[in-house]
Amino acid sequence: MGYFPQNLRDISGAAAKYAAVISRVLRVDVEIVDGGLYRVAGTGRFAGLVGKQMSSASGVYRQVLKTGRPLVIQEPGFSEFCVGCPNWRSCDETFEMSTPIIYKDAVVGVIGFVCFTKEQKDHIQDNFEVFFDFLTQMGDILASKVVESMELTRSRALGELLETVVDKVDEGVLLLSGDGRIVRSNRAAQQILDFPVEEQGSITVNLARGENRLLQYSEYSVGILGRSHYVAGNEYNLQHGESSCMFMFRDAQLMHDNALRLASSHERLGLDAILGTSEVIAALKKQVSRLADSISSVLVTGESGTGKELVARALNEEGGRREGPFVAINCGAIPETLLESELFGYVGGAFTGANPKGKMGRFEQANGGTLFLDEIGDMPLHLQAKLLRALEQREVTRLGSTQSTAIDVRVVSATNRNLEEMVHSGTFREDLFYRLNVIPIHIPPLRERPRDIHLLSKVFLEQSMARLDKEILTIKESFWTTVSEYHWPGNVRELQNTMEYVANVVDSPAVITRETLPIKVRSGGQEFEYADYNLENMERTVIQQALKTFGDEDSSKAAKERVARKLGIGIATLYRKIKKYGLE
């Protein structure tokens, strides 16, 4: 038994190719482990874990290795085999299937795949027998790879298996000969590329791979019947009979048009995503719950990193628009020249470089749901007028069009800037401010709710450790003391990133101490290197901070006297130190 796991690891390259094929066909994340629970291959979430040994999160695979029988987990998180997993109480998996890799009655490894959405689970269950047989035979192919040189036999078996499931896949699939002729195709491929199935044997396809990527796909130009089609896909070598290549693809333009909606609405987040037990967070949750069903505009304010988008999502998820889309756009991250077309869309030929088919804007995408306008204070004045008109008339007009489209959208805006001051300075329209600020919601910074720091740190640390498949042995008090004393200027976002840093630098099982935190946190915000800890450096930093804190950036003598009093030194000494350290 001990011989086979090592051999299985020796064929990690071949295993990775088979894992990729399984992942593409079944549309799930796949991993292959050997008898010692070392990951030999993995896709998606498991890709970064190849070569690492599984620990507590391995109850399912241990059972498959022990019994030599497949194991299907219909409801991950509720199975007896999930208890050892650190994520079992908050599992985001929807379905899991594992099958043994067996050679001569010995279990040498496991192939497993995981679904993370209801759509993936439904797709597998609708074709359960076909996909179960496919996965089982893939296990047999891998087992034969361990001992025998059967490349031709395995490739033929793989090709025959692919042909049995090719029409069950909703992506376009082409099996191509060495000279590019179509050997086999599915209905999706025929529809996307528009060719007659009865003539496919005489049709030659030219695949030209581009440099860009769209999600997990590569950009391709497909030449067929004198036409070129822009698609997003991946190629897989087969060497099976006539078929030397499998090409799986989707219509790239449709993927691009849907990317914003998919990226912003696939994850359903409600009040549970707003973590904290402090009084201010409890009051915030009550306010969100009370206002969720309103159709009035909401303005969420707070410092950067406080979680303004979480509040916007909760307003959508807890109210009557939960079944509608949640579409987000950062007004400060998109160039001013493109922001208008992103918000309102455009018709074909509206400007140079525009899609000839036109494009739907974010307002139309959010119809029936919520549009989240992040960093609204960065919106240019000329667009503020058009935004105000859309909100008041509840309709939008695409660029290059004269026809208006009615919209039913609740607008939630967010900013870390003082919009009232911007109104007074003339950089933000007063009428738009009042239209957006019908319902104001303010999120307090993390330093004003210290009670939540311990809870948030624990949650973020456990999540990061679980993602890296690491265990926590103990957390020392010095760690919690340092975390609670730091002022967290980046708020919840900085805290989450810090816990991810800790998870990456520790071993497993981990002893979490103060020394595992970044230098900036350990030094209270001053990112010294150890070599910088000398008297002059520390003195310069203290004086510089005092000038900033108590001088109010005022260069007057009175301000300097106030700083000197705070530092406990004379005014002449302060002036001498300012000159010495170049702090004028």
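Tutor: Start with Asp469, which takes a positive phi of about 55° just after α16. Helices are DSSP runs of H or I with at least four residues, strands are E runs of at least two, and both are numbered from the N terminus.

Student: What should I know about the model itself?

Tutor: The model is predicted, so local features need pLDDT of at least 70 and side-chain atom pairs count only at pLDDT 80 or more, while totals for chains, interfaces and linings use all residues. Residues are numbered from 1 along each chain as its sequence is written, and side-chain values use heavy atoms, with hydrogens and water left out.

Student: Back to α16. Which of its residues are buried?

Tutor: Helix α16 covers residues 451-467. Its buried residues are Asp452, Ile453, Leu456, Ser457, Phe460, Leu461, Ser464, Met465 and Ala466. Buried means under 20% relative accessible area, exposed means over 50%, and partly exposed is in between, with a 1.4 Å probe and protein chains only.

Student: And what covers them?

Tutor: The cover of the buried residues of α16 includes α9, β19 (472-475), α17 (477-485), α18 (491-505) and β20 (510-512).

Student: Zoom out. How many helices and strands are there?

Tutor: The protein chain has 22 helices and 20 strands. Of its 584 residues, 47% count as buried.

Student: What about the surface?

Tutor: The accessible surface of the protein chain is about 28900 Å². Carbon and sulfur atoms hold 49% of that. Areas come from the Shrake-Rupley method with a 1.4 Å probe, and for residues only the protein chains shown count as cover.

Student: What share of contacts joins residues 24 or more positions apart?

Tutor: Take the contacts in the protein chain with a separation of 6 or more: 62% of them join residues 24 or more positions apart. A contact means heavy atoms within 4.5 Å.

Student: New topic. How do α11 and α13 sit against each other?

Tutor: Helix α11 is residues 336-344 and helix α13 is residues 381-393. Their axes come within 11 Å and cross at roughly 10°. That makes α11 and α13 roughly parallel. Angles under 35 degrees count as roughly parallel, over 145 as roughly antiparallel, 65 to 115 as roughly perpendicular, and the rest as oblique. The axes are lines fitted to C-alpha atoms, for helices over the stretch in contact, with angles from 0 to 180 degrees between N-to-C directions.

Student: Which residues make the contact?

Tutor: From α11 come Glu336, Leu339, Glu340 and Phe344. From α13 come His382, Leu383, Lys386, Leu387 and Ala390. They divide into 5 nonpolar, 1 polar and 3 charged. Ala, Val, Leu, Ile, Met, Phe, Trp, Tyr, Cys and Pro count as nonpolar, Asp, Glu, Lys and Arg as charged, and the others, Gly among them, as polar.

Student: How many aromatic pairs does the whole structure hold?

Tutor: A search of the whole structure finds 9. In one of them, Phe344 and Phe363 have ring centres 5.6 Å apart and planes at 10°, so the pair is stacked. Rings of Phe, Tyr and Trp (its six-membered ring) pair if their centres lie within 6.5 Å; planes under 30 degrees apart are stacked, over 60 edge-to-face, and the rest tilted.

Student: Where do Phe344 and Phe363 lie?

Tutor: Phe344 is in α11 and Phe363 in α12 (residues 362-365), so the pair ties together parts 19 residues apart in sequence. Phe344 is buried at 1% relative accessible area, and Phe363 is buried at 1% as well.

Student: Which rings form a cluster?

Tutor: Ring pairs link Tyr220, Phe247 and Phe249 into one.
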